[in-house]
Amino acid sequence: MTFDQACDYTGISRSYMYKLTARGEIPFSKPRGKLIFFSREKLDNWLLNNSHSSKDEIKRGAVEYTFRNKRF
């Protein structure tokens, strides 16, 4: 997808998207050194890379950890 399409798809402003590409923090392609293109799959992975667990997931994990590490 094009630069503008990627901005619309992710909800990231154009200026911030330029900063992310300049820093190399977001996956992109730049064939022939001109236009910037993005893969929808790579953008999805990048967006979901830093996910946070819900309170229920944390609670469930704590209970499982407690039962696994029970000392008698």
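Reply: A6 touches M1, M17, F38 and L43, leaving out residues up to four places away in sequence; contact here means heavy atoms within 4.5 Å. The model is predicted, so local features need pLDDT of at least 70 and side-chain atom pairs count only at pLDDT 80 or more, while totals for chains, interfaces and linings use all residues. Residues are numbered from 1 along each chain as its sequence is written, and side-chain values use heavy atoms, without hydrogens and water.

A6 is also one of the 11 residues of the largest nonpolar core, together with M1, F3, C7, I12, M17, L20, I26, I36, F38 and L43. Such a core is a set of buried Ala, Val, Leu, Ile, Met, Phe, Trp, Tyr and Cys residues joined through side-chain atoms within 4.5 Å, where buried means under 20% relative accessible area with a 1.4 Å probe, protein chains only. Helices α1 and α2 (14-23) each supply at least two residues of this core, and α1 gives the most, with three. Helices are DSSP runs (H or I, at least four residues), numbered from the N terminus.

Helix α1 (residues 3-10) packs against helix α3 (residues 40-48) at an angle of about 40 degrees, with the axes 12 Å apart; axes are lines fitted to C-alpha atoms over the stretch in contact, and angles run from 0 to 180 degrees between N-to-C directions. In this contact, A6, Y9 and T10 of α1 meet R40, L43, D44 and L47 of α3.

Notes
Buried means under 20% relative accessible area, exposed over 50%, partly exposed in between (1.4 Å probe, protein chains only).
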